[in-house]
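Hi,

Here is the structure I promised to pass on. Have a look at it first, and then read on for what turned up in it.

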Amino acid sequence: MKILKLISLALIAGSVSSLANAGIITYTDRVSFETALGGTQSTETFSQSSMNFTTYDFGDFDAKLFNQWGSYLPGLTGTELILQRWNSSSYLEFTFDSAVAGVGFDWRNTDGSGDDIELLFDGTATTFGHDQSSGFFGFINDSSFTQFSLSDSTGDGGALQSAYIDNMTYSAGGVAPVPEPSALALLGAGLAGIGFARRRKQKA
């Protein structure tokens with residue numbers, strides 16, 4: 001019986017560890033993303049006047065270009081944000097005034113050389129948005145954050161010619177960690193084991 005209890009406790013400990021290391025969860029469907037994000041949400045539609053910039057204040061967040069390459073700058077078209085037209089050493093960093101729980105946006109990529117859009121977050125790169133296609137991309141972190149960056153994937157045909165984002169949705173921070181399916185299964189097994197052990201003790 002003691003061995004069964006130890007196994008059950010170990011399973012629960014494993015579940016907690018998985019929760020702590022859940023990291024980001026990504027989404028390719030806006031409805032699923034907004035449902036998971038919850039809270040009070042805001043959406044930036046990038047409807048400002050057409051212009052190019054190295055730094056721009058969108059109200060709740062700033063966007064700043066790092067490692068500018070030539071004369072290629074991010075910009076606004078009046079309906080979208082032109083994300084980038086440069087090489088992979090350049091990136092556009094977004095900094096929020098207050099912590100957020102997650103960010104999602106519509107994207108389209110008109111580049112024909114094989115380049116992807118790349119999310120740079122917390123030291124990890126995640127690629128999405130393959131050339132000459134469009135869709136939705138969102139991510140929710142297991143703790144609130146204030147910064148993320150978007151760039152060009154390395155080694156896929158050179159500079160990304162044109163990538164656009166629109167309808168960027170984000171929420172207030174402070175979300176609880178999102179359990180991974182494996183973590184939920186381990187937690188359930190651990191609790192079931194403890195319950196079984198208690199019933200055996202009562203019968204004895």
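Let's start with the aromatics: ring pairs tie Phe-46, Phe-53, Tyr-56, Phe-58, Phe-61, Phe-94, Phe-96, Phe-121, Phe-139, Phe-145, Phe-148 and Tyr-170 into one cluster. Rings of Phe, Tyr and Trp (its six-membered ring) pair if their centres lie within 6.5 Å; planes under 30 degrees apart are stacked, over 60 edge-to-face, and the rest tilted. By that rule there are 22 aromatic pairs. One of them is Tyr-56 with Phe-58, a tilted pair at 4.6 Å centre to centre and 55° between the planes. Tyr-56 is buried, with a relative accessible area of 19%, and Phe-58 is buried too, at 8%. (Buried means under 20% relative accessible area, exposed over 50%, partly exposed in between, with a 1.4 Å probe and protein chains only.)

Before I go further, a few ground rules. This is a predicted model, where local features need pLDDT of at least 70 and side-chain atom pairs count only at pLDDT 80 or more, while totals for chains, interfaces and linings use all residues. Residues are numbered from 1 along each chain as its sequence is written, and side-chain values use heavy atoms, with hydrogens and water left out.

Now the overall picture. The chain has 3 helices and 12 strands (DSSP runs numbered from the N terminus: helices are H or I with at least four residues, strands E with at least two). Of its 204 residues, 39% count as buried. Taking contacts (heavy atoms within 4.5 Å) between residues at least 6 apart in sequence, 74% join residues at least 24 apart.

The largest one has 32 residues, and Phe-94, Val-103, Phe-105, Phe-148, Leu-150, Ile-165 and Met-168 touch the most other members. Two or more residues each come from strands S5 (61–66), S7 (81–84), S8 (91–109), S9 (117–121), S11 (133–152) and S12 (163–172). Apart from this core lies another, of 6 residues, including Phe-33, Leu-37, Phe-136 and Ile-140.

On to strand pairing, which takes at least two DSSP bridges between two strands. S8 and S11 run antiparallel and are joined by 14 bridges; Arg-108 has Ser-134 in S11 as its bridge partner. The charged end of Arg-108 also sits over the ring of Tyr-164, 3.9 Å from its centre (the rule asks for NZ of Lys or CZ of Arg within 6 Å of the ring centre and within 35 degrees of the ring normal). S9 and S11 are antiparallel as well, with 4 bridges, and Leu-120 stands opposite Ser-149 in S11. S1 (residues 25–27) pairs with S11 in the antiparallel sense over 3 bridges, where Ile-25 has Ile-140 as its partner.

Glu-118 and Ser-151 lie 33 residues apart in sequence yet 5.0 Å apart in space, C-alpha to C-alpha. Among the residues that Glu-118 touches are Thr-127, Phe-128, Leu-150 and Ser-151.

Cheers

Technical notes. A nonpolar core is a set of buried Ala, Val, Leu, Ile, Met, Phe, Trp, Tyr and Cys residues joined through side-chain atoms within 4.5 Å. Lists of a residue's contacts leave out its neighbours within four places in sequence.
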